[in-house]
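Here's a quick briefing to read with the model open beside you. Have a look at the fold, then go through the notes below by topic.

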Amino acid sequence: MQVSAYLKLSVAVALATIALKTGAWWVSDSVSLLSDALESLVNLAGATFALLMVTIAAQPADDDHPYGHHKAEYFSSGFEGVLILVAALAIIAAAVHRFWSPQPLASLGWGLSLSVVSTAMNGALAWAMLRKAREHRSIALEGDARHLFTDVWTSVGVVLGLLAVGATGWLWLDPVVAIAVAGNIAREGVSLIRRSVDGLMDRALEPQVLADIEATLDGFRHRAVRFDHVTTRRAGSRRFVDLHMHLPGHWSLGRAAALRTSVEQALTSAVPGLRATIQLLPMDVEAQAAGEGDPL
């Protein structure tokens, strides 16, 4: 399945879990189950927006966007983070009201059963989506997957809290669990926003990827071939590296171009999704510049 197919499935599952969790809240009148249902609404909005951004990111480069549209995925992750924070505030508001005005819970068994079913659906989908996100390096899909995992742990916390309410009769546990849920999902929202900002700011590639690039270049380094000014960045699922390759000045253009092609192919093989830009320079260019500057 493609990334977009997983997101379409996420939209369908979100609709199903909204129905299940709303039903769980309706039969039990539990504010913590209400918080769980609100989280599913955020899931639906996030998955829909992520699908839109992934569709835009897949568009080919054009005159206005010569490097492609890959950064669109970061908007998805940031938008989902903002939605999570809004949901957390709404949950806290409802929980505080219920804390000061506790209400008895009804049909708790049915409410918990519906919540458990929806949690199982979200957990299975989140696990599959996270694997696919790592395979395709899709931050939009990863953001939606991590959001679903947050929803899963939210639901687990709600179920455990309501079991404690049923066992002890302490109604104040219901809003307390809801506030704890809100804090957990707010933390995930802040994390998603931070990662989106990092991506939009052209963050360098991961240390392991940088190591792979250096190891590949080491295979070509020679007394007649050296590399410098290696800079990297990432944009959605795409990765970019720019560097200078210094060669003997007497080499023919054809020989230099052939070696550059070999280096580019080796880099793209070592790092999937990498786009390499290599500038050819004569070996003695910097030496001449330094010599001309000595009298100064």
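**Helix H8 and its surroundings**

H8 has 18 residues and reaches 26 Å from its first C-alpha to its last, close to the 26 Å expected at 1.5 Å a residue. That expected span is 1.5 Å times one less than the number of residues in the helix. Bear in mind that this is a predicted model, where local features need pLDDT of at least 70 and side-chain atom pairs count only at pLDDT 80 or more, while totals for chains, interfaces and linings use all residues. Residues are numbered from 1 along each chain as its sequence is written, and side-chain values use heavy atoms, with hydrogens and water left out.

- The buried residues of H8 are Ala 256, Leu 259, Val 263 and Leu 267, where buried means under 20% relative accessible area, exposed over 50%, and partly exposed in between (1.4 Å probe, protein chains only).
- They cover an arc of only 75 degrees around the axis, which puts them on the same side of H8; the arc is that of the directions from the helix axis to the C-beta atoms.
- The cover over the buried residues of H8 includes H7, S1, S2 and strand S3 (274-282), with contact meaning heavy atoms within 4.5 Å.

**Helix H7**

- H7 is built from 12 residues, and its first and last C-alpha atoms lie 16 Å apart, close to the 16 Å expected at 1.5 Å a residue.
- Val 209, Ile 213, Thr 216 and Leu 217 are the buried residues in H7.
- Looking down the axis of H7, you'll see its buried residues fall within an arc of 100 degrees, so they line one face of the helix.
- As background, an α-helix has 3.6 residues a turn, so residues three or four places apart point the same way.
- Strand S1 (226-235), strand S2 (238-247) and H8 are what the buried residues of H7 pack against.

**How H7 and H8 pack**

- Two packed helices are described by the angle between their axes and the distance between the axes.
- Here, H7 (residues 207-218) and H8 (residues 253-270) pack at an angle of about 145 degrees, and their axes are 10 Å apart.
- For the geometry, axes are lines fitted to C-alpha atoms, for helices over the stretch in contact, and angles run from 0 to 180 degrees between N-to-C directions.
- Which residues make the contact? On the H7 side they are Ile 213, Thr 216 and Leu 217, and on the H8 side Val 263, Ala 266, Leu 267 and Ala 270.
- By class, this contact of H7 with H8 has six nonpolar, one polar and no charged residues; Ala, Val, Leu, Ile, Met, Phe, Trp, Tyr, Cys and Pro count as nonpolar, Asp, Glu, Lys and Arg as charged, and the others, Gly among them, as polar.

**Around helix H1**

- Ser 10 sits in helix H1 and is buried, with a relative accessible area of 2%.
- Not counting residues up to four places away in sequence, Ser 10 touches Ala 47, Leu 125, Met 129, Asp 144 and Leu 148.
- Met 129 belongs to helix H4 (residues 108-136) and is buried, at a relative accessible area of 0%.
- With residues up to four places away in sequence again left out, Met 129 touches Tyr 6, Leu 7, Ser 10, Leu 141, Asp 144, Ala 145 and Leu 148.
- Met 129 and Asp 144 are 15 residues apart in sequence, and their C-alpha atoms are 8.0 Å apart in space.
- Leaving aside neighbours within four places in sequence, Thr 17 is in contact with Thr 22, Ser 40, Ser 118 and Asn 122.
- Ala 16, also found in H1 (residues 3-28), counts as partly exposed at 28% relative accessibility.

**Backbone notes**

- His 229, found in strand S1, has a positive phi of about 50 degrees although it is not a glycine.
- H6 is followed by Asp 202, whose phi is positive, near 55 degrees.

**The whole chain**

- The chain has nine helices and three strands; these are DSSP runs numbered from the N terminus, helices being H or I with at least four residues and strands E with at least two.
- Of the 296 residues of the chain, 44% count as buried.
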